[in-house]
Amino acid sequence: MDYQGHLTSLAEDECRQLLAEHCVGRVCWLDGEQLQVLPVTYALHGDQIVFTANPASALGRLSGPVEVCFEVDDIDEPTASGWSVVARGTAVGSSSGTPGGLALPRAWAPGTHEFAVVITPAGYSGRAVSGALAESR
């Protein structure tokens, strides 16, 4: 018997839960005339996505408000399954201390990360997928 797989939309609550369980995502925004997509180490505080950056980097241009998408996914290649979550919202960055007293995540990338960015999502979307696999594998 063959398993046909599935592609399922995720509810907003499921999307927030999946974001809370991970710490690396990608932020995407229109920077001038080109799109930027960069990985960041983040934390979720309530509904806000928080990360730090070097103020001289491309992420330092998120002083805001800037419309962004933030994506996190988890893929299991051996089982051809996984999920992807996108939060759409507004990013605002600051070099003047921790915004709202939030605990900032430690960046994995080396260097100075004194620029804090807070994304306030306006909405979430997500999908879970499981590929069609033969049961006899």
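Mentor: The side chains of Asp-31 and Gln-36 are joined by a polar contact of 3.4 Å. A polar contact is a pair of N or O atoms within 3.5 Å; within protein, one must be able to donate a hydrogen and the other to accept it, and residues adjacent in sequence count only if both atoms are side-chain atoms. This is a predicted model, in which local features need pLDDT of at least 70 and side-chain atom pairs count only at pLDDT 80 or more, while totals for chains, interfaces and linings use all residues. Residues are numbered from 1 along each chain as its sequence is written, and side-chain values use heavy atoms, with hydrogens and water left out.

Leaving aside neighbours within four places in sequence, Asp-31 is in contact (heavy atoms within 4.5 Å) with Gln-36 and Arg-61. The relative accessible area of Asp-31 is 16%, so this residue is buried (under 20%; exposed is over 50%, partly exposed in between, with a 1.4 Å probe and protein chains only).

Asp-31 belongs to strand β3. Strands are DSSP runs of E with at least two residues, numbered from the N terminus. Strand β3 covers residues 24-31 and pairs with strand β4, residues 34-45, in the antiparallel sense over 8 bridges; two strands pair if DSSP finds at least two bridges between them. Val-24 stands opposite Thr-41 in β4. The two strands form a hairpin with 2 residues between them, and Gly-32 in the turn has a positive phi of about 70 degrees.

Strand β4 also pairs with strand β5, residues 48-53, in the antiparallel sense over 4 bridges. Here His-45 is opposite Gln-48. This hairpin too has 2 residues between its strands, and Gly-46 in the turn has a positive phi of about 65 degrees.

Next, the rings. The structure holds 1 aromatic pair. Rings of Phe, Tyr and Trp (its six-membered ring) pair if their centres lie within 6.5 Å; planes under 30 degrees apart count as stacked, over 60 as edge-to-face and the rest as tilted. The centres of the Tyr-42 and Phe-70 rings are 5.0 Å apart and their planes are at 80 degrees, so the pair is edge-to-face. Tyr-42 lies in β4 and Phe-70 in strand β6, residues 66-76, so the pair ties together parts that are 28 residues apart in sequence. Tyr-42 is buried at 2% relative accessibility, and Phe-70 is buried at 0%.
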